[in-house]
Amino acid sequence: MRGFAVFFVKELRELLRTKRLLILCCLFLLFGIMNPAVAKLTPKLIGLMSEELAAQGMTVSAVTVTSMDSWVQFEKNIPFALIILLIMFSGIYTFEYSRGTLIPLLTKGLSRAAAVLSKCAVVMLMWTGGLALCFGLTYFYGDFYWDNSAVHSLFFAGFCWWLFGLLMIGCVVFFSSFAASSAQVLLGTGAVYFVMLLAGMYGRAKAYLPTRLCDSLSLFRGDLHPSDYTAAAVVTAALTAALILAALPLTKQRQI
Amino acid sequence: MPKEIREYLPLLIPLIIVQFVLLGCALWHILHHSSYKRGSRVLWLVVVLIGMEFIGPILYFLLGKEEE
């Protein structure tokens, strides 16, 4: 436990000193502000294009924007934020293994499990903080300019994205336990997502797949209710735990 | 027009603050280090100042900053 705490602090300090924390904060802030900004600018953009559209025979009537448009942007943008986070942290294990910077700590008595778990905890903390920042900003501006009550189950949708992000981080941790480079880790994580997409084509499996959690739009509109997501949420949580637990013995066998 | 701008101010102000914080950090870091992963001091100053709307400083921290 002590090894975990020490290594956790060391990882946080590394994030701070390599300026990764700053970049991540700015990115999530940017994503959070862009959601309402794009929604707010939509009528202006359409107004600018209206002459061109009129020349083509299309008439544009007044466009009304609600907080729904802002949240639709949120659903579109948050996958990109997650992808950037995963790319940034894809090498968090393999880089240390290939450079051998972990060896001095391991020979001094740090357990491999503590190293794996504390790195995993740091990435999960970053995702939690980033998502909270992005969600909070979109929520605040949604309330500031429009009214958030028009959108259904907002917080549950945010929770779904958080859980899905944890699963993807779990994938990174799992593949890092045997992959040689960060590219392989990303490839494996992408493959998992692709397999889930393919499996989603089978209608009956849809309700149980983690990709269901990404479908915030049906939640916002009220077409689906949080109870429709329970199965997928349970599967996702179980899968995340399984991936991380499987990574521990695999890392133990790994030659560092 | 001023009224329209005022409407967008709540969105613009945080963006502007973040942009200048990033710019300041990048400039400070460039001027306090003499060697970079690639490129030279002049190159990175130009890149950061031209691309000061987020992209320049982020590029510097990802590609130019030396690992310590």
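Start by selecting Lys10(A) and Glu11(A), whose side chains meet in a salt bridge with N and O 3.0 Å apart. The term stands for a side-chain nitrogen of Lys or Arg within 4 Å of a carboxyl oxygen of Asp or Glu. Before going on, note that this is a predicted model, in which local features need pLDDT of at least 70 and side-chain atom pairs count only at pLDDT 80 or more, while totals for chains, interfaces and linings use all residues. Residues are numbered from 1 along each chain as its sequence is written, chains are lettered from A and ligands numbered from 1 in the order in which they are written, and side-chain values use heavy atoms, with hydrogens and water left out.

**Stop 1**

Colour your first two residues by accessibility. Lys10(A) is partly exposed at 29% relative accessible area, whereas Glu11(A) is buried at 2%. Here buried means under 20% relative accessible area, exposed means over 50%, and partly exposed is in between (1.4 Å probe, protein chains only).

Helices (H or I, at least four residues) and strands (E, at least two) are DSSP runs, numbered from the N terminus. Glu14(A) is partly exposed, with 36% relative accessibility.

Which residue does Glu11(A) reach in helix H6 of chain A? Select Lys119(A): its side chain and that of Glu11(A) meet in a salt bridge of 3.0 Å, N to O. Glu11(A) lies in helix H1 and Lys119(A) in helix H6 (residues 112-145) of chain A, so this pair ties together parts that are 108 residues apart in sequence. Both Glu11(A) and Lys119(A) are buried.

To see the whole group, show Lys10(A), Glu11(A), Glu14(A), Glu96(A) and Lys119(A) together, as they are linked in a network of salt bridges. Over all chains, the search finds 5 salt bridges. Side chains of opposite charge can pair when their charged atoms come close.

**Stop 2: charges over rings**

Lys119(A) lies over the face of Tyr93(A), 5.9 Å from the ring centre. For this term, NZ of Lys or CZ of Arg must be within 6 Å of the ring centre and within 35 degrees of the ring normal. Arg212(A) is placed over the face of Tyr229(A) in this way, at 5.5 Å from the ring centre.

Ser218(A) is buried, at 13% relative accessible area. Leaving aside neighbours within four places in sequence, Ser218(A) is in contact (heavy atoms within 4.5 Å) with Asp223(A), Leu224(A) and Tyr229(A).

**Stop 3: aromatic pairs**

Next, show the rings. There are 27 aromatic pairs over all chains. Rings of Phe, Tyr and Trp (its six-membered ring) pair if their centres lie within 6.5 Å; planes under 30 degrees apart count as stacked, over 60 as edge-to-face and the rest as tilted.

In chain A, select Trp71(A), Phe74(A), Phe135(A), Tyr139(A), Phe155(A) and Phe220(A), which form one aromatic cluster.

Then move to chain B. The ring centres of Tyr36(B) and Tyr60(B) are 6.2 Å apart with the planes at 70°, so the pair is edge-to-face. This pair links distant parts of the chain, 24 residues apart: Tyr36(B) is in the loop between helix H1 (2-32) and helix H2 (41-50) of chain B, and Tyr60(B) is in helix H3 (residues 55-64) of chain B. Tyr36(B) is buried at 9% relative accessibility, and Tyr60(B) is buried at 0%.

**Stop 4: where the chains meet**

Finally, display the interface. On it, 16 residues of chain B are in contact with 19 residues of chain A. The area buried between the two chains is about 1,700 Å², with carbon and sulfur atoms giving 77%. Buried area is the accessible area (1.4 Å probe) that two parts lose on being put together, summed over both.

Which residues of chain B lose the most area to chain A? Select Tyr8(B), Leu11(B) and Leu15(B), which together make up 30% of what that side buries. The count of salt bridges between chain B and chain A is 0. On the side of chain B that touches chain A, H1 and H3 of chain B are the elements that give two or more residues, and the largest share, 11 residues, comes from H1(B).
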